[in-house]
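Subject: Structure handover

Hello,

Here is the structure for you to look over. My notes follow below it.

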Amino acid sequence: MAGMSFDLIALQLFTGLALGAIYVLFAIGLSLIFGMLTVVNFAHGAFYMVGAYVGLFLLSLGGNFWLCLVAVPLIVGTIGLVVERFLIRPLYGRGIDYPLLLTFGLSYVMVELIRIAFGKSGYPFDTPELLQGAVNIGVGYFPLYRLFVIGVAAAVLLGLWLFLERTSFGLIIRAGARDPQIVRVLGVNVARVWLFVFGIGSGIAALAGLLAAPLQGVIPEMGATILAEAFVVTVVGGMGSIGGAVIAGLLVGVVVSMTSLFAPEMAKVSIFALMAIVLLIRPQGFFGRAGLMS
Amino acid sequence: MAKKMTGSNSISRRRLLTTASAGAVLAASPFRINLLQAQEATIKVGFPVPLTGPYGTEAQDQVRAAEVAIAEFNEAGGLDGRKAELLVRDDKLNPGEAATRTLELIEKEKVNFIVGSLSASVQLAVNNVTKERKIIYNSISQSDEINEAKDFSKYTFHEALTPHLTAGAVGRYAFSKFGKKVAFLTADYAYGHEMVRGFQEAGKAFGIESLVDIRHPLGTTDFSALLPRIQALKPDILVISNFGRDQQIALKQATDFGMKKSMKIVAPILLYTGRIAAGAQAFEGVVGGTSYYWGIEDKVASAKAFNDRFRKMHGGKVPSDYGALGYAGVKTLLMGAKAAGSLDTDKVIAAVEALKYDYYKGPEYYRKCDHQAVQSVLIIESKSKPEKGESDVFNVLATEEPSERNLRTCEALGHKS
Amino acid sequence: MNELSQTLTQPNVASASWFDFAKRHRAILASIFVLVFPLVMPFTALAVNILIYGLYAVGFNLLFGYLGLLSFGHAALFGTGAYLCGIAIVHLGWPWYVAIVMGILGGTVMAAAIGSLAIRTRGIYFAMVTMALSQCVFYLFYQAVDWTGGENGLRGINVRVIDILGFKFDFINPLTRYYVVAAFVIMALFVLSRILASPFGAVIEAVRENEARARASGYNVTLTRLITFILSGAFCGLAGALMALHLSIVPIEILHIETSGMVVMMSLLGGMGTFFGPFVGAAVFLLLENLVSLWTVHWQLIVGAVFMICVLFFPAGIWGTILKWINK
């Protein structure tokens, strides 16, 4: 194989990390929402897409990219709060399928609303000027923006970790992910916790969408593909485990990147086959709770 | 479980339900009444195009252009006074839906012709339905397979370019100017394979060295895994054979990776609407092909006439490349009917086969063995700064004149001579 | 108190027996409705689509509504049935009736394959596994270009004449095609109705209601699940085969996740756990799609909103809610 040097493979690895960073941000929200609320959020991809479009909209109003990094997760997170409160909360206790089905229908509605508001062919999204160009990372030139994405993902993860480990609200979330019943028995307002978890998860998904926009532009359908792939990540990592989502997200990113090097046609199949295998051998994934949802 | 006695209420409620549903059923049946009974004499042209989905913009332009063709035909008196009308349907870029719509157009609307659609799989599906029912179909988007004996029928016409022709034309231009070491980045489906085949056939005459052909799955949003490998090989030319959004993303990411500094990027097709959607940066310096660009109106009289008519009917807009195909697809069939003086299918087929026309881009005719429109291919390059208004996005670098030599041979397509 | 009111009041004999009559002979009534149907639809091809997707949804509902297992990968069964029927005609030159059998077999075998793997998982994981496995099936068929046509789909499933016992039917004629398809769908519904009325049907519902209790009563729950999955595959495979014959093509999109999602929507919309619910759901879904498309290109908004309203307020679905209302 021509040109298969160490440099190339190392570069490919970095590419995998950048790819994985987006997966990780997206999958964290999905995993959190499932772990706490036991809701499979089929609308998660739509929130991702809305994040990108809200960013586009803010930019068109004259804002800058840095402002969007803060505003987009807040705005879309708030939308998430509203969705949980009024659309999903009524369905708890009706059976595991109902919230799933609702979010499924919701994704259709959200995508179509965006199409109505912004048109159907999508828009380009320019990389912010400060982040354009490539840097020499020793093994070759690597786009600066992708390094930025890795950095942001790491920062968000750190922030999330601190929040979960060091604050009392974070403690409740962790406890609730481990055993929702006990937490309720202890008198915590579980409903409010779930509300915020859904909001946080949606907000982070929106941030992922915003970060992905300069890489691939924005179209209304951009959420659907990443959702299917993110299910792989959450399943492999373990539904409900943040650490699992991180490791699995990076793993999937690197796997896709490496298979693209040797056999690009197999890249997509390989991750779904991986998902099927994990589900059959160890359904809770690497780090998930065993016996979840039997 | 006790059944409460509710007296006459339950009976009347049930009766109400039954009558209501019967009423609804009857109310729905007016759909069966042919509202166009009064206009039974019109010539109906079915037009299934993907109004919803990622190519909605292109499809709507095709509708606009087709309307121009219909209007021109009607104003010129139609066929002995019989006017034409366009029946537009949304095929949602889905072959199954397209087949259903085609069935509706043929079985319920009783169309005389069908023109459409925008995607290889969809046009092949429509073609399969029309040829079984002996309805003439003119396909207005790219495909190599529709010319092949397996899918072809005497009712099938193909106004659009073929991947082989387009790639060949662009290849012949690029390989003579930009170098001999070529890397290929190809979408892994029929269209991509057909394009690469076209490039490599053309490249033989120039002695190109094919360094690598990387296949990517359709719908890839991240090419970052594939681009470093290409850079490492140091090609003179990078040929990116994909379409629509795949192309826009690939070009953008190739730009991000700084690849334009060291190689020339070439694509078989550059869409007018795609260029407007993706912006100048991604397309900068990219050379590609197209069937039509409004800017040739300075040199081609029929283009000016078509553009002016389009501007008049559609608020000053200019037609796009795929839009123009919508125009030509409809016009050739209507003019064939006019020449035949009848709507009898075999007579119209013979008339269209004999047609030598110049409706919008220069001289064309249909090759007999596969009904492929033999036409010119424009080589274009994206402009970074539009000069004549926001639709001035391309420079025409060269025109490859129409020639059957550049098409795949009838034998290669499986047609018996 | 209830018993007292029952002896004091006279039950409305006429209406009760009308409804019971309808329930017992639901297959026959459905058949009559099916015969009249195409005259009411905007165009016949849509009526045929409704029949086919109705059968697909009913087959899916056997697993979802009656057994309680949500599968997000049923497109694999529907699609395999379609492709095998198409391949039999296009590549093997077999007659149409053999092709239909191949379609049913295709759905059955694929269900056995996916089912045997997926059955060991529960709840949400079952939905995820079926989704992942059907994605793998999609790629399989996509890559087998020589047999399936790959991205461009399988073309050339051109059946012009259906001959049964010496009678030749012109399959190109829309109304004839409808009645041929309807005949198959009616037969399938009849068979399904018999299955549900059988002891096995009772076991299915028992497993859904209380799995532990069913197991304690001595029923093999895993085997029940697997058999139900396979039966579901047979019906969906038949629906796929009919689709291939109707459209004369098999598009690769038939194996997409959207096709799996669509049948979930249809079943819920109509009302899972009722016999005709999914059929009604398929009809409503396709009609909405067709009608709303005439007014606006944004039909997905309407369909999505209606679906959400059903999930929130009418979990019994349209037909289920109607039945409840009648039963009150």
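Ser117(B) sits in the loop between strand S3 (113–116) and helix H4 (120–132) of chain B. Helices (H or I, at least four residues) and strands (E, at least two) are DSSP runs, numbered from the N terminus. The bond from Gly116(B) to Ser117(B) is a cis peptide, with omega about -5°.

Before the rest, some ground rules. This is a predicted model, in which local features need pLDDT of at least 70 and side-chain atom pairs count only at pLDDT 80 or more, while totals for chains, interfaces and linings use all residues. Residues are numbered from 1 along each chain as its sequence is written, and chains are lettered from A and ligands numbered from 1 in the order in which they are written.

Backbone, chain B

Two loop residues deserve a look. Leu93(B) is not a glycine, yet its phi is positive, near 55°. Leu93(B) lies between strand S2 (84–90) and helix H3 (95–108) of chain B, in the loop. It counts as buried because it has 22 C-beta neighbours inside 10 Å. The cut-offs: buried means 20 or more other C-beta atoms within 10 Å of the residue's own, exposed means 12 or fewer, and partly exposed is in between, with C-beta atoms placed from the backbone.

His371(B) also has a positive phi, about 55°, and is not a glycine. Its loop runs between strand S12 (364–366) and strand S13 (373–374) of chain B. His371(B) has 24 C-beta neighbours inside 10 Å, so it counts as buried.

Chain B against chain A

Contact here means C-beta atoms, placed from the backbone, within 7 Å. On that basis, 30 residues of chain B meet 33 residues of chain A. Elements giving two or more residues to the chain B side include helix H2 (56–75), strand S7 (209–216) and helix H8 (244–256). H8(B) gives the most, 5 residues. The chain B side divides into 13 nonpolar, 10 polar and 7 charged residues. Nonpolar covers Ala, Val, Leu, Ile, Met, Phe, Trp, Tyr, Cys and Pro; charged covers Asp, Glu, Lys and Arg; the others, Gly among them, are polar.

Core

A nonpolar core is a set of buried Ala, Val, Leu, Ile, Met, Phe, Trp, Tyr and Cys residues joined through C-beta atoms within 7 Å. The largest has 342 residues, and Phe26(A) and Cys85(C) touch the most other members. Helix H1 (residues 6–37) of chain A gives the most to this core, 18 residues. Leaving out residues up to four places away in sequence, Phe26(A) touches Tyr48(A), Ala205(A), Ala208(A), Ile226(A) and Ala230(A).

Best wishes

Terms used. Two residues are in contact if their C-beta atoms, placed from the backbone, lie within 7 Å.
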